[in-house]
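Have a look at the model first.

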Amino acid sequence: RERQPLRALSCHGQHGEQTLMRHPRLMFACIALLPVPSAAQQIEGFLDSLSEKLTLTAAGDRLRARLSGTLDIDTHVFDPPAPGLVDADDSPLLQPRLSLFLDAQAGSAIYAFAQVRVDRGFDPADNALRVRLDEYAIRYSPLGDGRLNLQAGQFATLAGQWVHRHLSWQNPLITAPLFYEQRTGLSAYDRYPSVHSLTTQPDGGLPVIWGPAYATGAAVSGRWRTLEWGAEVKNASVSSHPRYWDLDGEGFDTPALTARIAWRPDLRWTLGLSASTGSYLAPPASYDAAPGAHRRSDHSQTVWLADLSYAHRRLQVWAELLHATFDVPYLGTLRTSAYFVEVRYKLTPRLSAAARWNQQFFSELASYNGETVPWGIEQGRLDAAVTWRFSAHLQAQAEVNLYTGPDSRSSPTAALRCTLRF
């Protein structure tokens with residue numbers, strides 16, 4: 001599956017080894033999914049025929065619909081507390097996920113898509129399995145060639161490039177970049193946080209961008225020569241919790257605006273610049289809003305994001321540089337800057353290796369004793385992963401995360417993933 005949210009903007013250590021050895025069953029979780037050599041050819045043939053059966057055409061191929069999907073079995077290994085957006089106390093954490101994608105097209109002007117997931121939560125968690133509609137949208141291209149697109153529904157944010165490869169089959173790593181999943185000390189439910197709450201309670205905090213940010217709204221995008229552009233209005237900001245992405249979770253009383261422009265001088269390079277603004281505060285129904293309190297719009301978030309990608313033969317490089325501000329009544333403007341550089345190299349037709357260096361910094365606040373402290377956890381993180389693609393339908397990944405910085409985790413984390421695509 002190679003669809004991006006908006007095609008007009010697409011290019012849609014030692015301790016860690018010991019941790020894995022303490023849980024040898026994890027190393028066999030992926031192996032259990034692999035076909036034995038004698039049955040591999042039959043399974044591949046079945047999946048190929050299944051793909052054909054899940055594709056329907058009519059009206060001389062002017063109407064087309066295709067159902068596809070992935071089955072992911074993830075295992076996260078960590079020493080408590082859980083890292084990032086992982087919501088669990090015990091390790092290892094098993095995270096199965098079935099994702100179903102529906103793509104439909106009518107002629108060259110109308111395209112629709114939807115994504116349904118069955119999992120234990122949008123982010124890794126130890127909850128019961130449940131069904132969730134994550135994406136649905138319809139796109140109208142009046143010129144039929146991508147120069148102008150109008151889209152409405154619930155879909156991934158325009159900001160940056162990582163969202164174009166966040167699905168498991170395209171992602172060379174298992175985890176998201178640091179500022180897409182590291183919690184800050186800022187909560188969506190605390191209207192007037194104190195310095196103490198910002199610096200000591202990051203478990204319930206917001207990341208700067210919450211994963212692909214599948215909020216609901218409308219977008220317009222297009223292409224002109226080597227330039228690609230897009231703008232969207234949605235019901236929730238890019239840092240909002242997944243429970244507020246659909247229309248039931250949050251209305252349009254405080255809409256969020258996002259825009260992106262990208263330059264593609266040739267097929268190898270893409271350079272983009274994004275901007276987004278909205279309220280990071282949750283809807284009033286989720287907390288007690290006293291009369292005369294500040295409005296939600298007074299709790300605003302502004303994000304600037306520059307991105308770069310390069311692809312040539314076996315090498316792919318991605319980088320993003322972010323600067324974000326949060327307006328907090330009585331505390332002023334909080335700032336954070338972050339970046340990552342990610343490289344993937346295809347060693348053989350089946351084996352690839354990837355590495356990503358992440359780092360995030362926070363502005364300082366004056367504490368109660370007169371000292372200045374950063375309002376978030378400043379840290380760097382090195383992510384390294386290998387991917388073995390057994391066939392066009394099956395791959396396995398292994399990843400290790402190493403942390404650096406004065407307030408970073410003292411132990412590495414690890415993850416395993418097996419993906420079956422049909």
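## Rings and a surface patch

Leu247 has a relative accessible area of 47%, so it counts as partly exposed (buried is under 20%, exposed over 50%, partly exposed in between, with a 1.4 Å probe and protein chains only). This is a predicted model, where local features need pLDDT of at least 70 and side-chain atom pairs count only at pLDDT 80 or more, while totals for chains, interfaces and linings use all residues. Residues are numbered from 1 along each chain as its sequence is written, and side-chain values use heavy atoms, leaving out hydrogens and water.

Leu247 sits in the loop between β8 (227-234) and β9 (256-263); helices (H or I, at least four residues) and strands (E, at least two) are DSSP runs, numbered from the N terminus.

Now for the rings. Phe, Tyr and Trp rings (for Trp, the six-membered one) pair if their centres lie within 6.5 Å; planes under 30 degrees apart are stacked, over 60 edge-to-face, and the rest tilted. That rule gives 13 aromatic pairs, including these two:

| Pair | Centres | Planes | Type |
|---|---|---|---|
| Phe122 and Trp245 | 4.9 Å | 90° | edge-to-face |
| Phe179 and Phe340 | 6.0 Å | 40° | tilted |

Phe179 is in the loop between β6 (148-154) and α4 (195-200), and Phe340 is in strand β13 (residues 332-346), 161 residues apart. Phe179 is buried, at 0% relative accessibility, and Phe340 is buried at 0% too. Ring pairs also tie Trp162, Phe179, Tyr180 and Phe340 into a cluster. As for Phe122 and Trp245, both are buried.
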